[in-house]
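Hi,

Here is the structure I promised to pass on to you. Have a look at it first, and then read on for what turned up in it.

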Amino acid sequence: KPAMIARGHPRLCLALCTLGLALLGDVSRAVPMDDQDYYLQEITNRDHYYSFPYPGEEFFPFTEQPGEEGAIRAAGTEERPGFKPSRKELKQKKNNKKGKSILEAPPDCPPLGLETLKITDFQLHASTAKRYGLGAHRGRLNIQAGVNENDFYDGAWCAGRNDPYQWIEVDARRLTKFTGVITQGRNSLWSSNWVTSYRVLVSNDSHAWTAVRNESGDVIFEGNSEKEIPVLNMLPVPLVARYIRINPRSWFEEGSICMRLEILGCPLPDPNNYYHRRNEMTTTDNLDFKHHNYKEMRQLMKTVNKMCPNITRIYNIGKSNQGLKLYAVEISDNPGEHEVGEPEFHYIAGAHGNEVLGRELILLLMQFMCQEYLAGNPRIVHLIQGTRIHLLPSVNPDGYDKAYKAGSELGGWSLGRWTQDGIDINNNFPDLNSLLWESEDQKKSKRKVPNHHIPIPDWYLSENATVAVETRAIIAWMEKIPFVLGGNLQGGELVVAYPYDMVRSMWKTQDYTPTPDDHVFRWLAYSYASTHRLMTDARRRACHTEDFQKEDGTVNGASWHTVAGSINDFSYLHTNCFELSIYVGCDKYPHESELPEEWENNRESLIVFMEQVHRGIKGIVKDVHGKGIPNAVISVEGVNHDIRTGADGDYWRLLNPGEYVVGVKAEGYTAATKTCEVGYDMGATQCDFTISKTNLARIKEIMRKFGKQPLSLSARRLRQRARLWQQQR
């Protein structure tokens, strides 16, 4: 019958086919976004991106004509073809004619997330690209190029050719109220490229585009005058659309079209949008999610102390170059005193003042621990009762102040990184690695360097040494308190780095350089990375140039890039503390709206890492009278790194599960060894020692008691020889 209909009624057949195709189209459009395949959306929801006019063709602005489909309207206004701002809007545009590098008043809408990677590579498109490493996916604010600036990891989107027909586009994947654009030039050691002016266009369907206009025509926004300082341009009136496109109009005359950018915008409510639901992150913790300046940070600490006076104490470890106190909060069941047998832990942040996320995470952590302790959370109660925790959120408050004044998106990559006197605190500690390795390499050297508690060189302690006052304060703090484990929170990457941070060979800039405790450090790093929501996610995109997935979100510092005088190496070689650098996010200074999600990303990791202070062995070294022996050396067979007991004779030695031969020695006491087994369950194995004094030490003690000094053997022999010589005369 269908064949008969086709032969007898060709017009009817054609009508039916047309109706079927129309219905099919309607059905395909009716399929909810969350039921469609992700890549199918990419194909069906947009047209070919790489079509553009060639030089010589008539240039047609990307604006829609009145009456065209997909016309864009200004948010909160009636539809106006071509969009003509009011006098008030024009006055605002005149005042904002020049792009601002300092955010005087925070915009209402946050960044879409090019820098934080919330915007995926699939959402970035461009007219052309010079090569893959300079594709649209590299056009993210503050993205850093590799040292080699290779084909895969370069520092911006760069157009394939320099003409006014190039563009880079962001697909927000949902209707969004666009409010502003932030731009930078190309991050490069070898070239200078940036865009000096551009247009902004928006679209609902990626076919018909509307440019931001005023009475004179398309608005030309002023871009960058150099490659690193971000420049913000606010749209005269927010525009609602799905796509936004940046069309460079002029560029540095000795360079080419290259840019990095961030888009400010508020996604409009759309509960049926699959992309939004899939990436939505909420938190149930009732914490103060905001950026805190110095005064607000101090007030927050007071609030926590007032809520939990029995387990918290506020103190400072010194002052910054500008006289700001370096405040810390102690959390313990007996704040203010070291309890024998209880390990000490610390988190510090803000050594680089512009790496703000770590600072806020520590402030959130102290709030969380106080609240959970009051609520009776057994895990937190147990941790606080068995550990003395120190939280130092801002090591470089002077640098933070500079970054804070610029704002979360406008400080660039380095504003506020250094101290007021231009010092990088993180790499300002004495280089003890070289002293140790030179001693090991020159076995006949008269100057023997121990494998632990290496003294600080005299030159470093002199007043003329280039040492920040903040660094000296940290060193004094670390020498005063017997820390066992610590983490310094940093930003700009998503990885945990463990020592050594300095390569042993002077001819290399990258080389895996393990400590004698390499297996312990790798476990400590993995304990944080594996419990972080993103660090070990194989699907996530690399922040800049390094893919740390092969090591499960961890890296040996020296194999990444060599650094002399790092806090991690110093802590390991000068104190008992095992210190690691924890890079908590790609964005050093995320927008305030990102803080709840960043807290969720890191909360479990922050707690798990603190709990690792209870792995390994612990104990007290006493004499036969039960008195603790300070400064006794604890060694583990097969591990060329020792630790020392504290003032009360107690010690903690981080070790992985296994059986170990542990030795102890102290001046004037007999050495002793015993076998100690470390299990897989949480909790350090008790491994105490009782040692007695040597015979010589007893004799010295008796003679001192009765007011006589023992004679050394060599002096006695000299006197005997003198008497014999006189008798022979």
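**Disulfides**

Cys543 is buried, at 4% relative accessibility, where buried means under 20% relative accessible area, exposed over 50% and partly exposed in between (1.4 Å probe, protein chains only). Before I go on, some housekeeping: this is a predicted model, in which local features need pLDDT of at least 70, side-chain atom pairs count only at pLDDT 80 or more, and totals for chains, interfaces and linings use all residues. Residues are numbered from 1 along each chain as its sequence is written, and side-chain values use heavy atoms, with hydrogens and water left out.

Back to Cys543, which is joined to Cys586 by a disulfide with an S to S distance of 1.9 Å. A disulfide here is a pair of cysteine sulfur atoms within 2.5 Å. The torsion about this S-S bond is -65°, and the link of Cys543 and Cys586 is left-handed. The pair links distant parts of the chain, 43 residues apart: Cys543 is in the loop between helix 13 and strand 17 (554-556), and Cys586 is in the loop between strand 18 (578-585) and helix 16 (595-611). Helices (H or I, at least four residues) and strands (E, at least two) are DSSP runs, numbered from the N terminus. Cys586 is buried too, with a relative accessible area of 10%.

How many disulfides does the distance rule give? The count comes to five. With bonded cysteines counted along the chain, they follow the pattern 1-4, 2-3, 5-6, 7-8, 9-10.

Another of them is formed by Cys158 and Cys258, with their sulfur atoms 1.9 Å apart. Cys158 belongs to strand 2 (residues 157-158) and Cys258 to strand 10 (residues 258-267), so this pair links distant parts of the chain, 100 residues apart. The torsion about the S-S bond of Cys158 and Cys258 is about 115°, which means that the disulfide is right-handed. Cys158 is buried at a relative accessible area of 0%, and Cys258 is likewise buried, at 0% relative accessibility.

A disulfide also joins Cys676 to Cys687, S to S 1.8 Å. Here the two cysteines are eleven residues apart, with Cys676 in strand 24 (residues 672-678) and Cys687 in the loop between strand 25 (685-686) and strand 26 (689-690). Cys676 has a relative accessible area of 4% and is buried; Cys687 is buried at 1%.

**A buried aspartate**

Is Asp517 buried or exposed? Asp517 is buried, because its relative accessible area is 2%. Leaving out residues up to four places away in sequence, Asp517 touches Tyr572, Phe578, Val639, His641 and Arg653, where contact means heavy atoms within 4.5 Å.

**Strand 4 and its partners**

Strand 4 (residues 195-203) is mostly covered, with eight of its nine residues buried. Which way do strand 4 and strand 9 (residues 231-251) pair, parallel or antiparallel? They pair in the antiparallel sense, over eight bridges. Two strands count as paired if DSSP finds at least two bridges between them. Strand 4 also pairs in the antiparallel sense with strand 8 (residues 221-222), over two bridges.

Strand 5 (residues 210-211) runs antiparallel to strand 4 and is joined to it by two bridges. Here Leu201 has Ala211 of strand 5 as its bridge partner. The hairpin of strand 4 and strand 5 has six residues between the strands, and Ser206 takes a positive phi near 70° in it.

**Helix 7 against helix 8**

The axes of helix 7 (residues 356-375) and helix 8 (residues 378-386) come within 8 Å and cross at roughly 110°. Axes are lines fitted to C-alpha atoms, for helices over the stretch in contact, and angles run from 0 to 180 degrees between N-to-C directions. Helix 7 and helix 8 are therefore roughly perpendicular to each other, a class that covers 65 to 115 degrees, while angles under 35 count as roughly parallel, over 145 as roughly antiparallel and the rest as oblique. Helix 7 makes the contact through Phe368, Met369, Glu372 and Tyr373, and helix 8 through Ile380, Val381, Leu383 and Ile384.

Best wishes
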